[in-house]
Amino acid sequence: MIDKRFASAREAVADIFDGATVMIGGFGEAGSPIELIHALIDQGAKGLTVVSNNTGTGLVGLAALLRAERVSKIICSFPKTAGSTVFPDLYRAGKIQLELVPQGTLAERIRAGGAGIVAFYTPTAVGTPLAQGKESRVFGDREHVLEHGIRADFTLIKGRTADTHGNVLYHRTARNFAPMMATAATVTIVQAAQVVDAGALDAEVIVTPGIFVDRVVHVPAPALESALNEAGASYP
Amino acid sequence: MTSATSIGWTRDAIAERVAQDIPNGSYVNLGIGIPELVASHVPAGRTFIYHTENGLLGMGPSPAASESDPELINAGKRRVTMMPGAAFFDQATSFAMIRGGHLDLSVLGAFQVAANGDLANWSTGADDAIPAVGGAMDLVAGVKRVFVMTTHMTKEGEPKLVQRCTYPLTGRAVVTRIYSDLAVIDVTARGFALVELAPGITFDFVQERTAAPIITSHALEARQ
């Protein structure tokens, strides 16, 4: 019998090691796996490279992980969301490295990494500072830049519903990067508000097939950045 | 320099003018800020389907408080609604729509637009700025038509329509048409070309506030 459930977020993130590359789902607060991130803060791994679209807001979730100075580098498309102060301060102080990537290129680099595509050409960013130093080649009459796939050691994502085989459904725009990130890591960890037995989900509508998921943690009432921030919360 | 706020088109009038040029049934991505106003000025009898790159096609307006969902948001991370027939999808699919040329139109703001269609709208290149690009470079590289909606000049009175962008580029030769508070201007092989002047605005007034030549012979054909 296959059962990918872990009893707690703490146990699910226990083997994340110093220097690991960790993909973290979410676009703004939508899809941000707050409980897994907080468990990672408690766990203490440092020198991490994080791949995530944003850098979190307030003093909770991803922003709290950065504030704890566990992240040495972030690969990101939009690190200055309104309400984001932790990253700008660290960046200006030279305490974190930023690799800025156009959002679609970021998604495709993760998708490619997960699909065994080592690199691809795209016209996105040609002629801009983000293409500097990258190989380029003309296809047809158009210049393209070479972008490399990204793989990670761990992926942390949030689903609405998962089953014991690791099949996952998402909630609305919380889906965003999670399906790609699930494919691109050695170990993919999902926190889901609802966990059901294999066979309970309609196989026609599964978004992330279980082959991409290694660990499922039941987090029945996941916190949201906006609610935590309104309450003035900080973590730890 | 003259303030452009009391003359020419208001922001809503620019949005209304943009909306007139969008065919019924178009798939449209509206940039954050002033382009979002276009959704409030859809001409009677037309329906546009809005794409938001964080993963929704068929985006609707802001929700009533009772329907507000923190995980139903737009690319500006503001809460939105979904229209009948809407669809959710992941980022790779969303950017396949953009990069694969499936969207009909992207409407974006600008720091600068050059006479050759170069766009700068993501960074002023200032030393202390936190660089952030989001989906702008993908949109301009992939969407069939790119409209810019902008004030004709900066708050400091500097022209935004220039011969060459001095800010870091978002994309090279990507802008199709510019809608400012003073005029509608096409980007052509011969540079900026006047399509239409805002009410009460003269050509010379626009040219004086534009840092590259504007040709006028284009106007009639562009309006046909």
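(Helices, H or I with at least four residues, and strands, E with at least two, are DSSP runs numbered from the N terminus.) A:Ala125 has a positive phi of about 85 degrees, although it is not a glycine. For background, most residues other than glycine have a negative phi, and most peptide bonds are trans.

Some housekeeping before I go on. This is a predicted model, where local features need pLDDT of at least 70, side-chain atom pairs count only at pLDDT 80 or more, and totals for chains, interfaces and linings use all residues. Residues are numbered from 1 along each chain as its sequence is written, chains are lettered from A and ligands numbered from 1 in the order in which they are written, and side-chain values use heavy atoms, with hydrogens and water left out.

Okay, staying in chain A. There's an open sheet of three strands, in the order E6-E8-E7, with antiparallel pairing. Two strands pair if DSSP finds at least two bridges between them. Strand E6 (119-122) and E7 of chain A are at the edges with a single partner strand each, so one side of each has no neighbour in the sheet. On average, neighbouring strands here are turned by 35 degrees against each other, direction ignored. (Axes are lines fitted to C-alpha atoms, for helices over the stretch in contact, and angles run from 0 to 180 degrees between N-to-C directions.)

What about the individual pairs? E6(A) and E8(A) run antiparallel and are joined by four bridges, with A:Ala119 opposite A:His148 in E8(A). Strand E7 (residues 136-139) of chain A also pairs with strand E8 (residues 142-148) of chain A over four bridges, in the antiparallel sense. There, A:Ser136 stands opposite A:Val145. The hairpin of E7(A) and E8(A) has two residues between the strands, and A:Gly140 in that hairpin takes a positive phi near 65 degrees.

Helix H5 (residues 103-115) of chain A lies across E6 and E8 of chain A, at about 150 degrees to E6(A). A salt bridge here is a side-chain nitrogen of Lys or Arg within 4 Å of a carboxyl oxygen of Asp or Glu. Because A:Arg111 and A:Glu108 are three residues apart in helix H5 of chain A, about one helical turn separates them. A:Pro236 lies in the segment after helix H7 (225-230) of chain A.

Now chain B. How many strands are in its open sheet? There are 10, in the order E4-E3-E2-E1-E5-E8-E10-E11-E12-E13, with mixed pairing. E4 and strand E13 (214-215) of chain B are the edge strands, each pairing on one side only. Strand E1 (residues 27-30) of chain B runs parallel to strand E2 (residues 49-52) of chain B, over two bridges, and B:Val28 sits opposite B:Tyr50. E1(B) is also parallel to E5(B), with three bridges; there B:Asn29 stands opposite B:Ser106. Helix H1 (residues 11-20) of chain B lies across several strands, including E8 of chain B, running at about 160 degrees to E8(B).

Last topic: how the two chains meet. The contact (heavy atoms within 4.5 Å) takes 38 residues from chain B and 49 residues from chain A. The chains bury about 3400 Å² between them, 62% of it on carbon and sulfur atoms. Buried area means the accessible area (1.4 Å probe) that two parts lose on being put together, summed over both. In chain B, the residues losing the most area to chain A are B:Glu71, B:Lys77 and B:Ile130, together 22% of what that side buries.

Which salt bridges cross over? The count between chain B and chain A is four, and one of them joins the side chains of B:Arg79 and A:Glu29 (3.9 Å, N to O).
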